[in-house]
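Hi everyone, thanks for coming. I'd like to walk you through a structure that may be new to you, so please have a look at it while I talk.

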Amino acid sequence: EDGKDVLYALKTGAVYNLADSIAVYDVLELKGNVDFNTGNIDFNGYVSIKGSVEENFSVRAGKDIEISGEYGIGGVNTIESLEGNIYVRGGIAGKNRARILCRKNLYVKFLSDVEVICEGSVFVGFYVRNSTIRARQVVVDSPRGQIVGGIINADIKVECADIGNWMETRTQIIVHGFNRSSLQKRIEGLTV
């Protein structure tokens, strides 16, 4: 077009140069941090971040998000996966402003001062402190794991070695379970 060679991709994605070829992949891989050099990330595929996400930045992906930085993330704006899981190698120290939103599961070492809304399960390695979590289930894996402060709102279960503390920090655990009478009516409707 206009004396220039123009290439059109058949799908949206990240463009990579491979020797003599140009490819478009569903994976966006960042070798460093999400910061002023990259800006906020909004990608419709998988996002793999080898570093961290700096404070006040956001990452939004259509599929899974993987943040491999050793120390995790801090006071980010939002980390959101529209249809996938979120994996954070370190923990999340949210400074009461970070929001984590995911369709499937969240895997993280620790959660502190963060809001999590997850349609799947939240799996935490060590502890949850002063966080608000809404999920199907919350599991803290460590044999000495703790949930201290905040509000945990779960549909199925909350599993942790130690909940609450001696310092009287208010810790609310709400497990919704199921409505036995409505489930019985559904079963009776199926057998008729």
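This is a predicted model: local features need pLDDT of at least 70, side-chain atom pairs count only at pLDDT 80 or more; totals for chains, interfaces and linings use all residues.

Let's begin with the core. The largest nonpolar core holds 41 residues, and Val53, Ile79, Leu111 and Val122 have the most contacts inside it. Which strand gives the most to this core? That is strand 13, residues 121-140, with 7 residues. As general background, nonpolar side chains in soluble globular proteins tend to be buried together.

Now for strand 13 and its neighbours. Strand 12, residues 106-118, pairs with strand 13 in the parallel sense over 9 bridges. If you want to find that pairing on screen, look for valine 108, whose bridge partner in strand 13 is valine 124. Strand 13 also pairs with strand 14, residues 146-159, again in the parallel sense, over 11 bridges. There, arginine 129 stands opposite valine 148 in strand 14.

Let's move to the start of the chain. Do strand 1 and strand 2 run parallel or antiparallel? They run antiparallel, and 5 bridges join strand 1, residues 14-18, to strand 2. One of the pairs to look for is tyrosine 16 with its bridge partner in strand 2, alanine 23. The two strands form a hairpin with 2 residues between them, and alanine 19 in the turn has a positive phi of about 55 degrees.

Strand 2 covers residues 21-25 and includes tyrosine 25. Tyrosine 25 has a relative accessibility of 37%, so it counts as partly exposed. Together with Leu18, Val27 and Tyr46, Tyr25 forms a nonpolar patch on the surface, with about 330 Å² of accessible area in total.

Serine 81 is found in strand 9, and it is buried because its relative accessible area is 2%. Its contacts include Ala61, Ile86, Leu101 and Cys102. Asparagine 85 sits in the loop between strand 9 and strand 10. Is asparagine 85 buried or exposed? It counts as buried, at 11% relative accessibility. Asparagine 85 touches Lys63, Asp64, Ile65, Lys104, Asn105 and Tyr107, not counting residues up to four places away in sequence.

Finally, the salt bridges. How many are there? The count comes to 11. In one of them, the side chains of arginine 60 and glutamate 80 meet at 3.4 Å, N to O. Arginine 60 lies in strand 6 and glutamate 80 in strand 9, so this pair ties together parts that are 20 residues apart in sequence.

Another joins lysine 63 and glutamate 83, with the closest N and O atoms 3.4 Å apart. Lysine 63 is in the loop between strand 6 and strand 7, and glutamate 83 is in the loop between strand 9 and strand 10, so here too the pair ties together parts 20 residues apart in sequence.

A further salt bridge links arginine 99 and glutamate 115, at 3.2 Å between the closest N and O atoms. Arginine 99 is in strand 11 and glutamate 115 in strand 12, 16 residues apart. Salt bridges that share partners also join Asp42, Arg60 and Glu80 into one network.

Key. Residues are numbered from 1 along each chain as its sequence is written. Side-chain values use heavy atoms; hydrogens and water are left out. Patches are made of residues with over 30% relative accessible area and no salt bridge: like charges are joined within 9 Å, nonpolar side chains (Val, Leu, Ile, Met, Phe, Trp, Tyr) within 5 Å. Accessible areas come from the Shrake-Rupley method with a 1.4 Å probe; for residues, only the protein chains shown count as cover. A salt bridge is a side-chain nitrogen of Lys or Arg within 4 Å of a carboxyl oxygen of Asp or Glu. Helices (H or I, at least four residues) and strands (E, at least two) are DSSP runs, numbered from the N terminus. Buried means under 20% relative accessible area, exposed over 50%, partly exposed in between (1.4 Å probe, protein chains only). A nonpolar core is a set of buried Ala, Val, Leu, Ile, Met, Phe, Trp, Tyr and Cys residues joined through side-chain atoms within 4.5 Å. Two strands pair if DSSP finds at least two bridges between them. Contact means heavy atoms within 4.5 Å.
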